[in-house]
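Please go through this predicted model with me.

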Amino acid sequence: MTLSGAGTVAAVIGWPIAHSKSPQLHQYWIDRYNVDGVVVPFAVAPDHLDVAVAALAAMGLAGCSVTLPHKQACIPLLDEVSPLVTTVGACNLIVHKDGKLYGDNTDVFGFAENLKLGAPDANWQRPALVLGAGGAARAVIAGLSELGVPEILIANRTHSRAEALASDMAARLTSKLSAVPWQDAATAVGQCGFLINTTSLGMTGQPPLEIDVTGLSPDCVVNDIVYTPLETDLLRHAAAKGCTTVDGLGMLLHQGRPAFHGWFGVDPQVDEAQRNLVLGIK
Ligand code: ATR
């Protein structure tokens, strides 16, 4: 699709940005839905964030996706943010409408949608164990709560971070949140219907995730938000135990849907060809 003079321009901002797969995943939808638009990556240094965000409105862009390290810093620069932005403490989507900038968090939708589609028969009344207490964990916890999971355990190498996250988010969510010591994660696994890795452990080039999954029951749904490799050691071990496993690529793809809809007015579908494109498989 060639952009016309009336075409809609959206951006992806981060620092660095060259690694981002967002332009590629949006370009797939632009072609598929014949949209007169484009999504352009911009490397925005932290010092320039305020000018870059103001430029969205000044230049008439439809908005932008926001990636590291700007997900928190962009919040005070916006006219309005959704309640989810406040709950998660991060904004990854800006939509420009009628001169105003609206912030949202679509990582929560991306995570929840991926898990729902990957584990359609899951019992959402069972507890979940979340590994990690960083930014990704916050989106995952908000997503589990939206899915109706009543109890969420958080295990993190730095226990105090898990405790702080549990007490901060508990005030905003209906699910019961509690921190469990990292060394007790293997025991907690046995009582859970969901196990989610939100750390970078197990990612290519990172240390392995060394968690004993002996106690994992086959009715536990296991999701790794790491998607390089697509089948992490955690997912491989869980599959060998008979668990339903959900890889992390879908979270990336589905988080793009509300962005595409917000900018171009089309609710796009995730499909196998797009997965392969983002994975670099022709
Ligand atoms: P993100 O925003 O992507 O979640 P982050 O805030 O840096 O990134 O969080 C990374 C998570 O991976 C944290 O939970 C971190 O644990 P700490 O809070 O103890 O740092 C976890 N993590 C990173 N490296 C780890 C390691 N070698 N062993 C255990 N946990 C690790």
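## The cavity

The largest cavity has a volume of about 30 Å³. A search of the whole structure turns up one cavity of 30 Å³ or more.

Seven names make up the lining: Leu-201, Gly-202, Leu-209, Asp-224, Thr-232, Asp-233 and Leu-234. By type, the lining residues are three nonpolar, two polar and two charged.

## Cysteines without a bond

How many disulfides does the structure hold? It holds zero. A disulfide needs two cysteine sulfur atoms within 2.5 Å.

Take Cys-192. Its closest cysteine sulfur is in Cys-220, 6.7 Å away, so the two are too far apart for a bond. Now take Cys-220. Its closest cysteine sulfur is in Cys-243, at 5.4 Å, which is also too far for a bond.

Are these cysteines buried or exposed? Cys-192 is buried, with a relative accessible area of 1%. Cys-220 is buried too, at 1% relative accessibility.

## Asp-247 in its loop

Asp-247 sits in the loop between strand E12 (244-246) and helix H9 (249-264). Its relative accessible area is 19%. Buried means under 20%, so Asp-247 counts as buried.

What does its side chain reach? The Asp-247 side chain comes to 3.0 Å from the backbone nitrogen of Leu-249. A polar contact of 2.8 Å also links the side chains of Asp-247 and Arg-275.

Beyond its neighbours within four places in sequence, Asp-247 is in contact with Asn-114, Asn-223, Asp-224, Leu-230, Leu-235 and Arg-275. One of these, Asp-224, also lines the largest cavity.

Conventions: Residues numbered from 1 in each chain as written. Predicted model: local features only at pLDDT ≥ 70, side-chain atom pairs only at ≥ 80, totals over all residues. Heavy atoms only, no water. 1 Å grid on protein atoms, 1.4 Å probe; cavity = no way out; pocket = protein on both sides within 12 Å on 5 of 7 lines; lining within 4 Å. Points joined across faces, edges and corners; volume = space filled by probe spheres on them. Nonpolar A, V, L, I, M, F, W, Y, C, P; charged D, E, K, R; others polar. Buried < 20%, exposed > 50% of the residue type's maximum accessible area, 1.4 Å probe, protein only. Helix = DSSP H or I, 4+ residues; strand = E, 2+ residues; numbered from the N terminus. Polar contact = N/O pair within 3.5 Å; in protein donor to acceptor, adjacent residues only side chain to side chain. Contact = heavy atoms within 4.5 Å.
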